[in-house]
Each structure stands twice: as C-alpha cells, then as structure tokens.
Amino acid sequence: MKKKIALIAGGDSSEWKIALEGAALIEQVLDTDKYDVYKIVLHDGRWTYTAPDGATTELDRNDFTLTLGGRRIRLEYALILIHGTPGEDGRLQGYLDMMRIPYSSCGFVTSVITFDKAACKRALHGAGLNMAREILLDRHSQVDPDEVIGRLGLPLFVKPNASGSSFGVTKVKTREQLLPAVEAAFAESNHVLMEECIDGREISCGVMIAGGKEYLFPITELVCQSEFFDYKAKYQGF
C-alpha cells in the first residue's frame, strides 16, 4: 500500500509564494508509484487541499485527515516545504510532534533556536564562536542613529530577527538610511537585529541526518552580483 504524504506548502510570512513554487517542483518529482501525495497549503489560518478537479477541502487538524468523496484519509507523513512561519520556526513541528506524525526537517527545539537569529547567535557564542556585534530591538525600542553607528560602525546590516529570504534586510551605508531600514525590518518581524558588517567570503556547508546516517554536503561559496546575498541573488540569479 502506498504511503500517504502531506506535502505542506505556503505559510504565513512574505515567503509563502516562494514556498508554493518550491512545493510545485517537488510535487512533480515525487514517485507516485510509491506515494499518494496531497499538497496542503497553509495560509491565513487555513490548511487547504485542492483536488485535481479544483474542489477544495480543509484538513482536519484534530486527527490530520482529509475527507474526500466520503472517504476519510489519514495522512502518514509531512514533507515540510514552508519558508518562514510556521514551517521553520518550530510551530508546525510542535503540532506534528503532538499528533505523532513523522516529518522532514529538524525538530521543534532546533527549529525554534535556529529561526530566531538572536537566539541562534547566543547558542553559537556559547559554543565558543565569535559573533558580529549587534543591537536587538523590539517595537518599544528607541533608536538613536548616532548611538547605533557609534557602536556598530558603517556599513551595518538591519534585518528582521525572525524571517527569511532576505525580506526586510537592508545594508545601511548612511545615517539617513538607518530608520527607514528599521521600519522595513519591523514589517517582517516583531524584533529587529542590527549588526556590524563583516566583509569576507561566505561559505555554506550543509549536514543532513536521515535513516540514522549523517550526510555531509559539498562546501559551497556563495558568490553573487548583489552587494549581499539578497532576495534577487537567491531567487533571480543576480
């Protein structure tokens, strides 16, 4: 019997449309001889499945089932393809843990720590790694551009503390750019991180654990035409 897979896409951040594009690509290559795939789109509080004939139905979150044609289908595995909340910040993982549904991606605790940039930096600093100097803001913080520049220098980065795909990220080069950059970052997150700019090469090395084995991905240098690895560089090849 084929395994029933919930391919979970969408989300509740600015990244949700990107997540849909990624999910569409994955959906095309999943082996339908092995899996029955049901794409569930999370957005604005709804968890919706759209059938090939265009009919839509809501996933029952009480037991992680779909009712189609009078038949109740319990989904057995969640393939998480959400960028941003709730797929990267641990919320979806916490729900799936409670429902005892296995899923792709890291677990709840790791998701919570790594999606929150300030929390991730604290964890890495505790492991003995040097971190960029920073100022963390909430919506009640008063921002004095001269004080910020005096502490962090120019250029500096202003970014949402809990967001992805470089939405709301600005490389600030002048005093006049600072406050608009903070406003843009708060449009994506309730906390904003201001960090000193550290020039250097950007290197990525992924690690995956699957089936009890560890897989080390190739070391990759990120090189782009943009000043930093922004939205255009990530998704449009600039």
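Asp-146 and Arg-175 form a salt bridge, with their closest N and O atoms 2.8 Å apart; the term stands for a side-chain nitrogen of Lys or Arg within 4 Å of a carboxyl oxygen of Asp or Glu. Asp-146 sits in helix H5 (residues 145–152) and Arg-175 in helix H6, so this pair ties together parts that are 29 residues apart in sequence. Helices (H or I, at least four residues) and strands (E, at least two) are DSSP runs, numbered from the N terminus.

A word on the model: it is predicted, so to speak of local features takes a pLDDT of at least 70, side-chain atom pairs count only at pLDDT 80 or more, and totals for chains, interfaces and linings use all residues. Residues are numbered from 1 along each chain as its sequence is written, and side-chain values use heavy atoms, leaving out hydrogens and water.

A search of the whole structure finds 16 salt bridges.

| Pair | Closest N to O |
|---|---|
| Asp-146 and Arg-175 | 2.8 Å |

How exposed are the partners? Here buried means under 20% relative accessible area, exposed over 50%, and partly exposed in between (1.4 Å probe, protein chains only). Asp-146 is partly exposed at 48%, and Arg-175 is partly exposed at 39%. Glu-134 and Lys-121 are both buried. Glu-227 is exposed, at 53%, whereas Lys-171 counts as buried at 17%.

Now to the sheet. Four strands make an open sheet in the order E8-E11-E9-E10, with antiparallel pairing; two strands pair if DSSP finds at least two bridges between them. Its edge strands, each pairing on one side only, are E8 (134–138) and E10 (170–172). Neighbouring strands are turned by 20° against each other on average, direction ignored. Axes are lines fitted to C-alpha atoms, for helices over the stretch in contact, and angles run from 0 to 180 degrees between N-to-C directions. Strand E9 (residues 156–160) is joined to E10 by 3 bridges, and Val-158 has Thr-170 as its bridge partner in E10.

Helix H4 (residues 117–126) touches E8, E9 and strand E11 (191–196), its direction making about 145° with that of E8. Helix H6 (residues 175–186) touches E8, E9, E10 and E11, and its direction makes about 25° with that of E9.

Conventions:
Contact means heavy atoms within 4.5 Å.
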